[in-house]
Amino acid sequence: MADLAPFHIAFPVDDLDAARRFYGGVLGCPEGRSDADWIDFNLYGHQIVAHRVDTPRARPAHNPVDGHAVPVPHFGVVLPPAEWQALAERLKAAGTAFVIEPHTRFAGQPGEQSTMFFHDPAGNALEFKAFADPGQLFAR
């Protein structure tokens with residue numbers, strides 16, 4: 001797979017300390033610059049920015065995918081299988097409440113992948129996935 005440019009996403013949180021504990025502590029994202037109202041994190045080489053907002057965030061909607069209710073919107077990273085497994089174990093050890101438990105989706109089909117969904121403390125939905133064959137990322 002070709003080298004990809006890092007993406008940037010900014011998302012709302014209602015508690016920067018909780019975001020710092022979750023993204024920095026649980027997910028292991030190194031912290032970059034920060035201010036009284038935002039924090040930059042390095043999510044596997046991508047810049048994600050938690051912005052403090054006063055308005056509570058509604059939980060995402062859901063869409064059926066392979067027998068599961070997938071939260072929409074969501075964001076995350078496609079990891080190599082060993083890193084995905086290590087993250088799944090770290091999240092379990094931290095007591096993370098999964099929206100969709102770590103499992104294999106589309107087993108035996110094009111695009112077979114390991115996936116898991118969970119919320120951050122502010123209610124933002126995240127998905128992390130891994131492909132045994134990275135060439136299947138955009139399988140049809």
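Analyst: Accessible areas here come from the Shrake-Rupley method with a 1.4 Å probe, and for residues only the protein chains shown count as cover. On that basis the protein chain exposes about 7,800 Å², and carbon and sulfur atoms supply 54% of this area. The model is a predicted one. Buried residues make up 37% of the 140 residues in the protein chain, where buried means under 20% relative accessible area and exposed means over 50%.

The overall dimensions come next. The C-alpha atoms fill a box of roughly 50 × 30 × 30 Å along the principal axes. Among contacts with a separation of 6 or more, 54% are made by residues 24 or more positions apart. The protein chain has 2 helices and 9 strands, and their order along the sequence is β-α-β-β-β-β-β-α-β-β-β.

Now the interior. In soluble globular proteins, nonpolar side chains tend to be buried together. In this model the largest nonpolar core has 27 residues, and the members that touch the most others are Y23, L27, M116, F118 and F128. Two or more residues are contributed to this core by each of β1 (8-13), α1 (16-26), β3 (38-43), β4 (46-52), α2 (81-93), β8 (113-119) and β9 (125-130).

F128 belongs to strand β9 and counts as buried because its relative accessibility is 0%. Leaving out residues up to four places away in sequence, F128 touches L27, L43, Y44, G76, V77, L79, W84, L87, S114, T115, M116 and F118. Of these contacts, M116 and F118 are also on the list of core members that touch the most others, while W84 and L87 are buried residues of α2. A88, another buried residue of α2, has its C-alpha atom 8.9 Å from that of F128, although 40 residues of chain lie between the two positions.

That leads to the helices. An α-helix has 3.6 residues a turn, so residues three or four places apart point the same way. In α2 the buried residues are W84, L87, A88 and L91. These four lie on the same side of α2 because they cover an arc of only 105 degrees around the axis. The other side of α2 carries the exposed residues A82 and A93. Cover for the buried residues of α2 includes α1, β7 (98-105), β8 and β9. The helix has 13 residues and reaches 18 Å from its first C-alpha to its last, close to the 18 Å expected at 1.5 Å a residue. After α2 comes G95, with a positive phi near 80 degrees.

The other helix is described in the same terms. In α1 the buried residues are L16, A18, A19, F22 and Y23. Their directions fall within an arc of 160 degrees when seen down the axis, so they line one face of α1. Exposed residues R21 and G25 sit on the face turned away from that buried side. Cover for the buried residues of α1 includes β1, β2 (31-35), β3, β4, β8 and β9.

D40 lies in strand β3 and is buried, with a relative accessible area of 7%. Apart from neighbours within four places in sequence, D40 is in contact with P30, E31, G32, R33, Q47, I48 and V49.

Finally, some backbone details in the loops. V72 and P73 are joined by a cis peptide bond, with omega at about 5 degrees, and P73 is in the loop between β6 (68-72) and α2. D66, in the loop between β5 (61-65) and β6, is not a glycine but has a positive phi of about 50 degrees. F106, in the loop between β7 and β8, also has a positive phi, near 60 degrees, in a residue other than glycine. D66 is partly exposed, at 38% relative accessible area, and F106 is partly exposed at 25%.

How values were computed:
Residues are numbered from 1 along each chain as its sequence is written. This is a predicted model: local features need pLDDT of at least 70, side-chain atom pairs count only at pLDDT 80 or more; totals for chains, interfaces and linings use all residues. Side-chain values use heavy atoms; hydrogens and water are left out. A nonpolar core is a set of buried Ala, Val, Leu, Ile, Met, Phe, Trp, Tyr and Cys residues joined through side-chain atoms within 4.5 Å. Buried means under 20% relative accessible area, exposed over 50%, partly exposed in between (1.4 Å probe, protein chains only). Contact means heavy atoms within 4.5 Å. The expected span of a helix is 1.5 Å times one less than its number of residues. The arc is that of the directions from the helix axis to the C-beta atoms.
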